[in-house]
Protein chains: 2
Amino acid sequence: MDTLVQQVATRLRDEGGRMTSQRRLILQALEELGGHPTAEEIFRHVSRQSPGINLSTVYRTLNWLEENGFIAPRWFEEERRRERFEPAVQIARSHHPTPFHFRCRSCNRILEFADPRMEEIVAQFERRSGARVKDVELTLYGLCQTCAKTESLSGTSPHHEGFIR
Amino acid sequence: MDTLVQQVATRLRDEGGRMTSQRRLILQALEELGGHPTAEEIFRHVSRQSPGINLSTVYRTLNWLEENGFIAPRWFEEERRRERFEPAVQIARSHHPTPFHFRCRSCNRILEFADPRMEEIVAQFERRSGARVKDVELTLYGLCQTCAKTESLSGTSPHHEGFIR
DNA sequence: TAATTTATTGCAAAACATTTGCAATAGACA
DNA sequence: TGTCTATTGCAAATGTTTTGCAATAAATTA
């Protein structure tokens with residue numbers, strides 16, 4: 001299995017694009033960060049190694065990756081910025097193209113999961129409505145195990161190492 | 001069953017708020033427009049009757065309604081603006097607090113539906129993860145019946161009266 | 001290997017939806 | 001009818017993402 005950088009390099013070559021040092025750094029950041037980073041987080045990560053890089057370059061690269069199916073974006077609830085993640089990573093783990101998400105309202109941690117029963121729900125909707133479904137987004141919100149415990153015995157803030165972003 | 005305006009008036013009175021002419025107009029717009037209007041659409045609708053009204057008043061009212069559970073917001077895919085809808089209307093139709101959505105990628109039409117099997121999926125996720133789920137957002141994307149037909153025989157644009165916004 | 005081509009970058013400014021500070025206005029209640 | 005203060009309109013700010021443009025640097029060619 002290829003690394004993200006290699007896969008992207010191949011695709012770029014195919015369509016006359018160019019693999020630049022900035023793109024390489026952004027792709028590495030994507031792999032190193034994992035999870036669901038925002039453009040800003042990727043920018044900060046990359047800036048540590050190469051302070052000259054520009055935010056708009058990050059956005060342009062992220063958009064290109066999105067258009068080419070290497071990453072997928074998601075907006076969670078009230079958040080105004082979109083988070084990107086690698087659907088490709090998920091294909092290996094489940095048979096669903098994009099994973100379902102759970103987001104903890106307290107610590108913002110994101111859990112991914114799959115459930116084959118979703119397919120029946122979609123199939124029935126298609127039969128009844130006559131529509132053709134291409135993509136499914138399922139997001140659950142609530143409290144993760146740790147935050148649920150913490151919350152039940154004390155205040156409201158998360159006491160475990162979580163990312164509040 | 002009360003009209004939206006009446007319900008909101010009651011709640012306002014309870015907490016020392018005031019029913020203003022602007023709020024009344026926005027609530028009527030919500031009822032007249034139905035569906036999933038954006039703040040901008042509500043603003044345009046209200047402006048026709050009362051050109052003096054301000055966009056920020058619309059936003060403030062919408063936020064208050066949201067905080068008080070009279071409407072719910074949703075972001076669809078790449079859209080940067082949020083659409084608001086009345087979950088209250090849906091409670092009557094299904095036993096789920098917020099309806100599931102299907103959005104046509106061609107004409108942007110939104111279909112709402114419910115499926116009791118979702119509960120099992122959520123319950124299993126809770127059991128396996130230890131998390132406590134408070135809300136569920138399910139959105140399907142694809143082509144509605146009309147657009148699917150149109151698309152299969154000709155080009156790409158929707159030929160039925162849809163809202164492209 | 002150097003020259004050429006043009007995709008990509010950095011920068012600054014714009015776009016876009018939404019929020020906010022503040023003085024003026026107008027509901028609700030005494 | 002007067003008083004109190006929640007709500008408004010306005011203008012400016014916000015935060016995220018996009019864009020125009022001249023400069024830069026990958027990739028290709030000679």
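Predicted model: local features only at pLDDT ≥ 70, side-chain atom pairs only at ≥ 80, totals over all residues.
Which residues of H6(B) are buried?

**Helix H6 of chain B**

The buried residues of H6(B) are Met118(B), Ile121(B), Val122(B), Gln124(B), Phe125(B) and Ser129(B). Look down the axis of H6(B): these buried residues fall within an arc of 160°, so they line one face of the helix. An α-helix has 3.6 residues a turn, so residues three or four places apart point the same way.

Now check the length. Helix H6 of chain B covers residues 117-129, which is 13 residues. At 1.5 Å a residue, they should span 18 Å. The end C-alpha atoms are 19 Å apart, which agrees. Just after H6(B) comes Gly130(B), with a positive phi of about 85°.

**The cavity**

How many cavities of 30 Å³ or more does a search of the whole structure find? It finds 1. The volume of the largest cavity is about 30 Å³.

Six names make up its lining: Val8(B), Leu12(B), Arg23(B), Thr61(B), Trp64(B) and Leu65(B). The table sorts the lining residues by kind.

| Kind of residue | Number in the lining |
|---|---|
| Nonpolar | 4 residues |
| Polar | 1 residue |
| Charged | 1 residue |

Two helices of chain B, H1 (4-14) and H4 (55-67), each supply at least two residues of this lining. Which element gives the most to the lining? H4(B) does, with 3 residues.

Conventions. Residues numbered from 1 in each chain as written. Chains lettered and ligands numbered in written order. Heavy atoms only, no water. 1 Å grid on protein atoms, 1.4 Å probe; cavity = no way out; pocket = protein on both sides within 12 Å on 5 of 7 lines; lining within 4 Å. Points joined across faces, edges and corners; volume = space filled by probe spheres on them. Helix = DSSP H or I, 4+ residues; strand = E, 2+ residues; numbered from the N terminus. Nonpolar A, V, L, I, M, F, W, Y, C, P; charged D, E, K, R; others polar. Expected span 1.5 Å × (residues − 1). Buried < 20%, exposed > 50% of the residue type's maximum accessible area, 1.4 Å probe, protein only. Arc of directions from axis to C-beta.
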